[in-house]
Amino acid sequence: MKKIYIHPLPVRIWHWVNALGFLLMIATGVQIRYLDYFQLMSFRTAVVLHNWTGFVLIANFFLWFCFYMFTDKISVYLPELNAKKYFEDSWRQIKFYGYGIFLGEENPHHPTAYHKFNPLQIMMYQIIMLLFVPLQFISGLLLWDVNRFSVAVALLGGVRVVDTVHVLMFIVFCGFLLMHWYLITLGHTRFAHIRAMLTGYEEIPDHKRG
C-alpha cells in the first residue's frame, strides 16, 4: 500500500464546509417549503439559518474558485486535450461503473496529485461547480431580497421562474449527493475515500502500482 497526497488542506477545508453547508441548506429549505407537514425548527430560525448558510457557501465557493484559478492545481479539472483519448478514457470509465466494478475489475483511472479525477468526474464537476452552483447561488440571492433585486427578478420572468430554478437546482443537488455518497464507498475499502478527504492522502493498493 502506498499513499499519494492529492487533497491539499484548503481543498479539504472547502469540502467539509461545503458538505455541512449543503446539508444545512437542504434541511432548512425543506423546512421553509413544507412547514405545514413537519417542524424541525421555527420558520424564522429556518429562514435566518438558510440565508446565513447561503452567504457562507457563496464565500466558500469563491475561496475554492480562487485556489484553483491561481494555483497549478487547476489541472485536476482540465480534461485530456486529445479528444480521442478523452472519449476513450470516458468510455472505459463508463464500462467500469456500468458492470466492471461488479466483476471485480480494476478501476481504469489511477489518481495523482495533478490528475485525481477520472474523465467522467471532470465533466460532472465542471457542470456542477461552474453552472449549477452559480445558478443556485444567484437564484437564492434574488429570492433573499426580492424587492432589492426586483429589476433582475422581473427580467428573468418573475419570482415564480426564479423560485422554480432554485427548486430544480435543489433537486439536482439532492440527486448529486446521493450519487456522491455511493461513489465515495467504491474505494479499496468502504471508508478509504472519506479518510483521504480527512488526511489528504489517497491509499493505493500495491496491485495498482505502475
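1. In this predicted model, the side chains of R92 and D89 meet in a salt bridge at 2.1 Å, N to O (a side-chain nitrogen of Lys or Arg within 4 Å of a carboxyl oxygen of Asp or Glu). R92 and D89 are about one helical turn apart because they lie three residues from each other in helix α3 (helices are DSSP runs of H or I, at least four residues, numbered from the N terminus).

2. D89 also forms a salt bridge with K85, at 2.8 Å, N to O. These two are four residues apart in helix α3 (residues 83-98), so about one helical turn separates them.

3. D89 counts as buried at 16% relative accessibility, while K85 is partly exposed at 38% and R92 is partly exposed at 39%. Buried means under 20% relative accessible area, exposed over 50%, and partly exposed in between (1.4 Å probe, protein chains only).

4. The whole structure has six salt bridges. One of them joins R195 and E203 at 3.8 Å, N to O; R195 is partly exposed, with 37% relative accessibility.

5. Y5, L9, I13, V17, V56 and Y201 form a nonpolar surface patch with about 520 Å² of accessible area together (residues with over 30% relative accessible area and no salt bridge, nonpolar side chains joined within 5 Å; areas by Shrake-Rupley, 1.4 Å probe). Helix α1 (residues 9-33) gives the most, three residues. I13 lies in helix α1 and is partly exposed at 47%.

6. Residues are numbered from 1 along each chain as its sequence is written, and side-chain values use heavy atoms, without hydrogens or water. Local features need pLDDT of at least 70 and side-chain atom pairs count only at pLDDT 80 or more, whereas totals for chains, interfaces and linings use all residues.

Methods: Patches are made of residues with over 30% relative accessible area and no salt bridge: like charges are joined within 9 Å, nonpolar side chains (Val, Leu, Ile, Met, Phe, Trp, Tyr) within 5 Å.
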